[in-house]
Amino acid sequence: MKLKNNIIIFSFLLIIAALSLMTYKIKYLNFPLFQDETVNIWNIEAKITFNARKEQSASISMTLPSKQDGLMIINEESSSANFGYSNSFINGLKKGNWTKREVQGEQVLYYSIDVIKDPFFKVEQKDEIDERIFRKEVSTAFAQASTSLLNSIYEKSANGVSFTSLLIKEFNLKEPSQATTMIKNNFMKTNKQKRDTLVQLIDKMEYKVRTIGALYLKDRQRNIELTHMLEVFYKDKWHLFDINKGEISKNSNIFIWQRGSQYLLDAEGVRNSDVRFSVTKNIVPARSAALSKDVKNQNTLLDFSLFVLPNEAQNTFKLLLLVPLGALVVVIMRVFVGIKTSGTFMPILLSMAFIETQLLPGILMFILVVTIGLVVRSYLSYLNLLLVARISAVLIVVVGIMAFVAILSQKLGLQYATSITFFPIIILAWTIERMSIIWEEDGPKEVLLQGSGSLLVSILAFFAMTNSVLSFITFNFPEVLLAVLGVIILLGRYSGYRLSELYRFKSMVD
C-alpha cells in the first residue's frame, strides 16, 4: 500500500511540475499554446532630414526612447549612408549620435525600433524631473491670470492628479473663464505651447510634473510628429495626461519616446533639421515574438532550452520528442485495450517510418517486406541454422527486399516507395523471426492477430505523432514529457481487466 501511494504521489508531482512550467511559459514568457497564435510587433521609424552647410562637418544627436511599462523594445537599428553612429548616455538619457566629416546636399538618416506589448514588463519609476523647463520669467498679466485660475481649481482638487485633470478640462471648455481665455489665446497657440504652459502652471502649485513626447500605436501612420503630453507624479507612480483629453488610465497603445524638456534633436553644422515618425504594425507568430523578447530578458529557462540548438538539431528533436507520445499510445492499447503486438515498441518505430513514407504506402511496403521475409524464413528453418546466423541471414534478405522494392518502384514511377529505406531494418528482421516462430508454435492465426495488432497500434501512434497541435506542444513545451511519464507510471500500476478480456469472458457473464 505504501509503495502504491508513493507511485501515485510521484506521478502527480511529475504532472504538476509539467503543468506549472507550461503555465509559467504561457503566462509570463508569452509562449503560445497553439501554432496559429499571432501577436503584433510595432515598427517605429524616425526619419531625420537636414541640409548640409558648406565645408562643415555634421553632428546629429537624437534622444532615444527609454524603457516603459507594458512595452518592450526587442530590436533597434540605425540606417545612415556613410555616417558614423554611436550611442551615449547623458544624465541618464540615451542618445543616438550620427557624425560625418564632410556632408553635401540634403541628407536623410533613419532610426527604427520594434516594440511588442508585454503586460508583465515593469520598470522602476522614479520621481525625476527636469528643472530647466519650469523656472522662467512670466509676464504680470500671465501671473495674475494664472493665480486666479489656479486658486479656483486648487479648491476643487484633492491631489496632483485631480488638479491636473481639472486644469486640462478647464482649458477645453467651450465657454472658459476670462483668465483661462487670456492664457489660452496668448500662450497656447500650438500644442507644444499648450503642453509647456500646462506644465508651468502645474509646477507653480509644486506638483512633480514632466513633459512627454509620445506616439499612438496605430497602423499606417506616416510623417507624424510626437504627440505632446505630460506626466504628474503621485503615490510612487507617474500618471500620463493627454493635453486635450485628460488622464490616460490605460496607455498600452501609447509609446513614450521622449521624457523631459531636453531637445529631441540636436544638430550642429547643418540647417533645416527635422525629424518625423512612421508607425507600422507587423503580425508575427507568437512563438517568434516570445523568443525575440527573451533575447532582451535572457531568461534562464529559455537559455537552457531546445531553441539554443542549431536548426538541424532542433529538427531532429522535433521527431524524437514525439516518441513518448507513441509510447503512451502503446501502453494504453496494450494495458487497457489488451491488443497484442509483435514486440513492445516495434509499433513506435513503424509509426516513425510511416511519418517519412506516408501512411498508406508505408503499410503496403511493411506488409510486402514481412510477407516475403516470412517466405524466405520458412526456407531457412529447414537448414537448421543457429539463431545468430539465422537472424543475420534474415537481415540480409530484408535489405535485399528493400533494395528490390525501391528499384522496382523507381522504374514504375512510384516515388514514395523509394522512402522504404526509412524502415527499421533490424526491427523488421526480428519481427520476421518472431512471427516465424509464432507461426510454428501457435499457427498462422496468432501471427495474423499480432501482425494486425502491431499495424493498428502503429497507425494510432502515427496519428498521435503527426498531430500538429501535439507536435507543436511537445517541441515548445518539452516539459510536457514529464506529464506523459507520470501518466505512463500510473498506467503501469493498472492490473484490472482489459477491454479485450471483457469481450473474451462475455459468454461467462451470459
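An open sheet of four strands runs in the order β4-β5-β2-β13, with antiparallel pairing. Its edge strands, β4 (84–90) and β13 (265–268), each pair on one side only. From one strand to the next the twist averages 20 degrees. This is a predicted model, in which local features need pLDDT of at least 70, side-chain atom pairs count only at pLDDT 80 or more, and totals for chains, interfaces and linings use all residues. Residues are numbered from 1 along each chain as its sequence is written, and side-chain values use heavy atoms, with hydrogens and water left out.

Strands are DSSP runs of E with at least two residues, and helices are runs of H or I with at least four, numbered from the N terminus. Two strands pair if DSSP finds at least two bridges between them.

| Pair | Bridges |
|---|---|
| β2 (residues 58–63) and β5 (residues 93–100) | six bridges |
| β8 and β14 (residues 270–285) | two bridges |

Met62 has Gly96 in β5 as its bridge partner, and Gln221 has Val279 in β14.

Trp430 is found in helix α13. Its relative accessible area is 45%, so Trp430 is partly exposed (between buried, under 20%, and exposed, over 50%, with a 1.4 Å probe and protein chains only).

Methods
Axes are lines fitted to C-alpha atoms, for helices over the stretch in contact, and angles run from 0 to 180 degrees between N-to-C directions.
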